[in-house]
Each structure stands twice: as C-alpha cells, then as structure tokens.
Amino acid sequence: MAVVAEGGAADADAAVAAARHAFDDGPWPHTSVTERADLLRRVADLLQRDREQIALIESGNAGKTVTEGRIDVDDSADTLRYFADLVVKESGGRVVDTGRQDVHSVVVHEPVGVCALITPWNYPLLQASWKIAPALAAGNTIVVKPSELTPLTTVHLVRLLAEAGLPDGVANLVTGAGDPVGARLAEHPDVDMVSFTGGLVSGTKVMQAAATGVKKIALELGGKNPNVVFADACATAEDFDTAVDQALNAAFIHSGQVCSAGSRLIIEESVRDRFVAELASRAAKIRLGRGTEAGVECGPLVSAQQLARTEAHVATALEQGAVLRSGGSRPAPSDIRPATGFFYSPTVLDHCHRDMVVVREEVFGPVLTVETFRTEDEAVRLANDTQYGLAGAVWTTDAARALRVAGRMRHGTVWINDYHPYLPQAEWGGFGKSGIGRELGPTGLAEYREAKHVYRNLRPAPVRWFAG
C-alpha cells in the first residue's frame, strides 16, 4: 500500500523538542479557546471532505470494511466537534465561595504541556481523534505515535491539522515501532503526559517508564468483556432474534479486533442450547473478504502474527475441553473474496469455564466463548470474574433486574439491551487492569488539563501572627 518512514529514538527526541519549543515559546497554549475550537471544527470538516478516501485507506490498512471506515471518519469528526464545543463551554473557570466578600477565589484550567499520544492498530483514526481532540482543545502540544501496523490514516489526519492552520510544532508525528519510539516517548524527560491505548503488557511498560518522571498517564488496556443474556430476553421470537443478532455484533464486528468486544457470552442455562445453536449457524454464514468488496461483512485479521495468535488460542481452548460449535479454522479459499489474506472463520466455543486461557485472555480475533449460569448472582459473579473491567452488557426484559445487574457489574461501560454504541460526551475507560483514566466526555478533557487555584485577596492586611 505504502512505504512509511521507520522512526527511531532520535526522531522521537526531535519531535519532543519541537513540541517543547512550541509549548514553552509558541502561541498555541495562549490562544483563545474560541480559536482552538474553530480549528478543531475545521479539521472535522476536512475529515468529511476526505471521507471516502480515508475510509478506503483505513479498510486497506486495517482490514475493516469500507462501511466501518466511513463510520470511523464520521465518529472522529463528531469527536473533534464535541471537544470544540466542550472547551468553550468550560473555559470560564469555577468560582469558589470563600465566605468572604474581600476574597475572590477561582479554579482555572491550564494545559498539561507536551503530550505523547500512542495509539493502537485496530481503530487508528478513531483512537487518534479521541486523544488529539481533547489534547489540542486544552492547549497542549503533542507527539503522536501510531501503530507501525496501521499508521496511514493518522498520517492523513496530521496533514489535515496542518491544512487547518495549526501552528508549526504543535502536532508532531513519529511513525515507527513501540520500541524504540513509544518507549522513548514514555521515558522522555520533556514529555509531561503519556496517553496510551494498547495491550496490558505494553501498557505496564509505559506506566513504569513514565513513573521515573512522575508524568501524568492515561491508559486504556483492553478488556475481556461479558455479554450476559437472561432467558426472559429470549421469550418471544423477536426478542430471541435480537439477542442472537446482537451477540454476533458484540463478538465479531471488525473480526473481533475490538477492545470492547463481547467475546464472553454468559447465557442462562435454560435457553443456552437453542441460543448457541442459532448463534453458531449465523456465525458460519458471516461473509468474509476484502473490506472493499460489496457484500463483505468481516475483513481479515491485521497481520500474520494476529492470525497465529488466534489459532493458538482456539487450539488451547479445545485442548482444555471447549466444544467447537462453529469456525475454528481458516476459511476455505472458495469462501472468501479474494482468496488470500489473514482470514479466520468466526468461531463459537461452547462449554467454556473460567480456568480456560481463552476465557481469561484477550484474543483480539473472531472468537466467542460461551459460559452458562442459573441465578442472577451467578451471572454477576461470572461477569466480574476477570482482571479487566472495560465494558459489558446485560439482556433482560425485567427493568429492575437490568438496573440491578448493571449496577453490580464492575465495568466502565455497561449496556442494557444493546452492545457497542458509545457517545463522545460519555466517558470511556475501564476498571481493574483495563487501565487508568478516561477518554471522551468531560473527564476526557480533564485528563489533558491541570487545575490551578487562584486566590485573590482584595483587601490585604497584616496577619499579626508573629509579634515582630
């Protein structure tokens, strides 16, 4: 598709130096919030202008369908516009009531400084926008390090920032591997904050490196997400169809390469056999192929390494007693268009339990495990029995139960009778080892700001604490 420069530690140093100079001596941190918001809105408009081009790039580079690529462009534009509106709304500071008429006290917000933004390979454009929009809205300067597997739409986005009029040095891009580029950014003494989205192992290394400089960090490290289905959610034919359809959506969109994928189906025992049979039948009919081909529903995995990882997880699961209901192998060449690529058939593994590796660890492939429960307490226990806590869902027609279970689930996002929708205005992030901090929403902007209390005594007078 393209040749991209492979940056190293020296390139990371140069980018940080440019960002440091632009923050310390440049105009961007001192521009009005209106100017910063206007620039973000211009970038959103440019994304929409280039929508089809970007969607095709994202499909070819990341493997997702062009339809998914278009949605990512639209969502990225929405994110930029949301933070543009939010920073204007929240620019006035917070007046603190001191109880004294001769004191004016206010809490204001200032940019953190130089922010290193390290993004993952599965949603390159979208995840970049989630970080770039609030960072720039708050007045920071940035160094962006996209995944070396899928850098192309981030390159395009940074070009659009320049086209929109962002001053030189404010946004810097270094393409290259996590080691050395990401590692250098995390430890660099002139970086004030690191925002990282990726795997737990890499996130732990980022956190350790950032700790030496006591930097601010924001980490989103994935999840092993439960999709809990009660029997009453399958009581009618329409309800049953919806629950099965949404279970497919939860697990297999973007070939399961989603941090919030509902890869753990936790189903009430009384409806499991019927539900799993229908689920497996529909999973076998998912149309695989290149994302640019008409009618394709799932593209390939991102790399040979990810395909091998998926195959290894399924093989281990079968050795540990899982029952294969659908998939479990690479598709036949006649079943995909074109007949080459890192494809893996959507896979349903039944009779799974917590001791299995496939239930505990992220696969990041089209693999769905099935666990069963009999009581509400057991359902909640299974849903929370994970080191992660990013997202989950509960399906039931009992409104009281829905709120009760959602309240007990230890996950950053809980959907009731739905799966996967998110809103730029609602915080995104997880409990446990799913990470630290939040993206999106007001908290997502706060991650890139420092609070400062300004206390002004309007009628100063001697304290007379000391006799003198």
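Which residues lie nearest the centre of the largest cavity? In this predicted model, where residues are numbered from 1 along each chain as its sequence is written, local features need pLDDT of at least 70, side-chain atom pairs count only at pLDDT 80 or more, and totals for chains, interfaces and linings use all residues. Side-chain values use heavy atoms, with hydrogens and water left out.

To the opening question, then: Gly256, Ala261, Ser263, Val363 and Phe364 sit nearest the centre, out of 13 lining residues. On a 1 Å grid over the protein atoms alone, a cavity is a set of points where a 1.4 Å probe fits but cannot get out, while a pocket is an open set with protein on both sides within 12 Å along at least five of seven lines; a lining residue has an atom within 4 Å of a point. The largest cavity holds about 80 Å³ of space, a volume being the space filled by probe spheres set on the points, with grid points joined across faces, edges and corners. Its lining splits into 6 nonpolar, 5 polar and 2 charged residues. Here Ala, Val, Leu, Ile, Met, Phe, Trp, Tyr, Cys and Pro count as nonpolar, Asp, Glu, Lys and Arg as charged, and the others, Gly among them, as polar.

Phe364 turns up again for its backbone: it has a positive phi of about 60° without being a glycine. Most residues other than glycine have a negative phi. Phe364 belongs to the loop between helix 12 (357-360) and strand 14 (367-373); helices (H or I, at least four residues) and strands (E, at least two) are DSSP runs numbered from the N terminus. At 16% relative accessibility, Phe364 counts as buried, a label for anything under 20% relative accessible area, with exposed over 50% and partly exposed in between (1.4 Å probe, protein chains only). Ser255, also not a glycine, has a positive phi of about 55°. Ser255 is found in the loop between helix 9 (237-252) and strand 9 (264-268), and is buried too, at 4%.

Now for the open spaces. The largest pocket has a volume of about 1,300 Å³. Its lining takes in 40 residues, and Trp121, Phe196, Gly198, Gly199 and Ser202 lie nearest the centre. Helix 7 (178-187), strand 6 (193-197), helix 8 (200-211) and helix 11 (304-319) are the elements giving two or more residues to that lining. The second largest pocket comes to about 400 Å³. Tyr123, Leu126, Val258, His420 and Tyr422 are the closest to its centre among 19 lining residues, and helix 4 gives the most to the lining, with 4 residues.

What about the packed interior? A nonpolar core is a set of buried Ala, Val, Leu, Ile, Met, Phe, Trp, Tyr and Cys residues joined through side-chain atoms within 4.5 Å. The largest one has 86 residues, of which Leu47, Ile132, Leu136 and Phe275 touch the most other members. Helix 5 (residues 124-137) gives the most to this core, with 9 residues. Apart from it lies another core of 22 residues, including Val181 and Leu219.

Finally, Thr141 sits in strand 4 (residues 141-145) and is buried, with a relative accessible area of 0%. The Thr141 side chain reaches the backbone oxygen of Ala19 at 2.9 Å. Beyond neighbours within four places in sequence, Thr141 is in contact (heavy atoms within 4.5 Å) with residues including Phe23, Val114 and Cys115.

Technical notes:
Polar contact = N/O pair within 3.5 Å; in protein donor to acceptor, adjacent residues only side chain to side chain.
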